[in-house]
Amino acid sequence: MYVCLCCLLPAACGPIPNNPYPAGEGGQNILYTAFLDRPRRLDPAQSFTEDEAAFLYQIVEPPLQYHYLKRPYALEPAVASAMPTVRYFAADGSELRNGSDPATVARSEIEISVRPGVRYQPHPAFARDEHGEPRYFSLSKADLANIRSPMDFTHLDSRELVANDFIYEIKRLAHPGVQSPIFDLIAEHLPGLKVLHATLNEEIKKNPGAWLNLDKFALDGVKEVDRYTYRITFTGMYPQFLYWLTMPFFGPIPPEVDRFFSQPGMAARNLTLDRWPMGTGPYMLVENNPNARMVLEKNPNYRPDTYPCEGMPEDAEEGLLADCGKPLPFIDKVVFTREREAIPYWNKFLQGYYDAAGISSDNFDQAVNMGDRGEVTLSDDMAARGIRLMTSVGSSTFYFGFNMRDPLVGGAGADAAGRERARLLRQAISVVLDSEEYISIFLNGRGIPAMQPIPPGVFGAHEGEAGINPVVYEWRDGKPQWRGVSEAKRLLALAGWPNGRDVRTGEPLIVYFDTTDSGMGDKSRVDWLAKQFRALGVQFVVRATDWNRFQDKILQGNAQIFLLGWNADYPDPENLLFLLYGPQGKAGGQGNNSTNYMNAEYDRLFDRMRVMPDGVERQKIIDQMVGILRHDAPWVFWFHPKTYSLQHGWLKNRKPGDIVRNGLKYQRVDVAAREAARERWNQPVRWPMAVVALLLVVLVTPAVLSWRRREKAAACVGPDKASERGGTA
Amino acid sequence: MLAYIVRRLLYAVPILLGVNLFTFMLFFGVNSPDDIARMQLGAKYASPEAIQRWKVERGYDKPMFYNPAQEGAEKLTDTLFVDKSLRMFTFDFGQANDGHDIALEIRGRVGPSFAVALPTFALSLVAAITFAMLLVFFRATVLDFWGVTLCVIMMSISSMFYIIGGQWLVSKAWALAPVSGYAGGVDMGRFLWLPVFIGVVGGLGASARWYRTIFLEEISRDYIRTARAKGLSELAALFRHVLKNAMIPILTGVVVVIPALFTGSLVMESFFAIPGLGSYTIEAIRSQDFGVVRSMVFIGSVLYIISLILTDISYTLVDPRVRLG
């Protein structure tokens, strides 16, 4: 019976039947991980989400990167030979010294030199025939018949990275067919980008479908200095541009590759740059099935690169400096498997089939223990398996926004006294919404209360007493203490709503919470919010709608209170404080200031802070700006999410940090330890198969015997009587 | 019969047109082209100009049904509806919002869906009919009582329990199958036997009870009494006569399930990470991808129309009294 079952279920009889990977992969230097959402865009000029960054940042190498270990995040050259030089010029063309008054700066020039000798991953676009002509630039439908990936072509070649490849990619940001999400943002600073866009638009109309060789079109703001150097000119000062140079938007794209993918018939076979990004990075994409599996393999042409030797003081203790100076990348292949549900993902992690995993709410209690004071430790079961817990505070901020165009919470259209009432009301709401309780109940402690827009780890944020929001917290016994409902009631009374009633008319105070209706989980959150408002005697009304209508409300300035979040694009306070900058108003201006908050002093300080280098002076201005925000309370500073992730003991050199997105090249796997653990944890239990077989026999035998007995008895009375009894369902 | 089939196929044209129109109106009643553009460009830096450029590039800037800016027939043809929906009739599904070719994606996904759904369907049918026959054979006995009780218990348990419980027991506790995943070729069986087994067990209770009801209705008829009187064994009466005469309701229920074999199961594919079509429509609705939604609805409609025609034809095969005309 066992043999029969093995024939039917061959998988159940192999050495480790639950191993989801091919037997041939055993013992190989492969990192196994999972992805939950399919990457939608992998074109470096388009991709802008974290899901996509997990792949793209390993393939495309921009000029700069963040130091893997240093915190706060520090920029360093990646494919650039050194940090770019920045020069400032006045309107008359004279060069200004660093630290000059930003108002005098008419333009700034950033000069970037790339390392000579860096080569692209093997790619068919570089392949040439015996006459030196491109081999694959006039492909027919028949040529593409059996081609599913660029790796399927017989001839692959490479070439050296040059400065023009970066210029080509910057020009692609203006390509009407590419629709880069940062085009408008960059065009504000980069002269000629909008003109280039208009020119390309005209060209496309003249020759629809034809490949546009962007080398033929000039872009005023970008110039090639020599084979390895290019210069970007910005209007005024734009110091944040250095952060953009860590992103694939400003990585290299060879014109040959753009031409290769623009051939007829390519898109219909999903052979596009968007599907098959390429570059000079440590890995290259060799399998792209976003519905099931994505595979990266080590780029054989990757430039000489070594593991960092410097980091934070605790890094040495945690073994993060042990591989100092060793060549990168360590891992030969990375297999990303699509998991749509958290339970199978978690089970496979526990079986050792994923090297690292996040912790979902479902598995939180199994993975970690929460102490009385909210401290989190690994559960005994996890610790016994050699699993390690990694935590980090994300560069994100969640906030409740008050629409400043709303008469009640924004004081719109009111006199000075009315605006002051609205301000006090906003402060009262800021106090009564106890983010610590929310984090504890709904996030399993995976967050820290926000005291201001800037998350910890980004320049401008303070730790300890200096960092608390004095409106909501006070410093007692060496830690922040929530001021409580009594303080909220006091502020509410000052606002003219004692016990939630208008002091003049006795009308009840009703506040409206605009939100998206996204399921059962939200109901409990909304109930909790209603409870908080009830403590003030305030009526809390939820206006739930779908995401599109919610967006419309925000765009039109029709919402009252809403919950939003922002993931920092780069670790600079400008990228967070601009969310409250007046000219960024969402309603009318369609910027990113969703509350439509406007304060002339804040805006003036922002304009100064934006162009300053980090330092005491900048910190002082940020402190003033944060002080204004705490006083005006256009946001309830809600929380900064805290990421908890687990990794097996065999995975080395993994340091959390959501801004460092090219971290795969630094990670290392102890393959032997993984193999041993997998074998230990996945010993098949085969007796249930025998029990099932026995059970079938036990069930079937009496039935067969009974049938035989009845068949023999049928000639006498059996079936007739049976049919008389039968017939009812 | 040919005339009947041709007539039914001609009826399909207005049905498909109606389905297309209905899908179009429902979709754009909820999502405006601006919403779609905003979703694709991301909420962070989607300026009004970027939204407009995206709409122009993708053809979403056209009026829905009537274009007064055009001349003659183009007033009706140069519209969003004609542009986005009517090309379906040539099975030209175009591209999704993220640029992938929809036909290619469907072709890639239909195989895995079919690979798990077909054996589940076939084995479920065999298991349920066999079990129901067994219950009918032992009708009004203790075996029948406990069999029906077992069916009621099995049909009362949520399908999620079977999946999560099955994964935990078979894959985690006993380590006999991968928790989830998929591979083509010879490795396919390793991944599929557990979802198929769970699918068969999970659906057995309801199906067996339903088939038992049908068979019991047949077994009390006079022709069965006559068959027995002729000396046929009970087993022969069941399989030769009861099963054949119960085929009409069985076929009615079975053939209409065929489209689902292609379009896949959302829950099963999600939990077992099978890269099939089950989640394709849901993902497209979430990402406001009209190209994918309209294609999947269209394919679903075509498959249902074909299945219903096949159902009618199958009636004539199992019951000679049925004539199509």
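This is a predicted model: local features need pLDDT of at least 70, side-chain atom pairs count only at pLDDT 80 or more; totals for chains, interfaces and linings use all residues.
The crossing of H6(B) and H9(B) is right-handed, the near helix being turned clockwise from the far one by less than a right angle. By class, this contact of H6(B) with H9(B) has 23 nonpolar, five polar and one charged residues; Ala, Val, Leu, Ile, Met, Phe, Trp, Tyr, Cys and Pro count as nonpolar, Asp, Glu, Lys and Arg as charged, and the others, Gly among them, as polar.

Chain B has 16 helices and zero strands, which are DSSP runs (helices H or I, at least four residues; strands E, at least two) numbered from the N terminus. The C-alpha trace of chain B spans about 80 × 60 × 35 Å along its principal axes.

Chain B also meets chain A: 56 residues of chain B are in contact with 59 residues of chain A, a contact requiring C-beta atoms, placed from the backbone, within 7 Å. To the side of chain B that touches chain A, H9(B) gives the most, with seven residues. By class, that side has 25 nonpolar, 15 polar and 16 charged residues.

Residues are numbered from 1 along each chain as its sequence is written, and chains are lettered from A and ligands numbered from 1 in the order in which they are written. Local features need pLDDT of at least 70 and side-chain atom pairs count only at pLDDT 80 or more, whereas totals for chains, interfaces and linings use all residues.

Methods:
Two residues are in contact if their C-beta atoms, placed from the backbone, lie within 7 Å.
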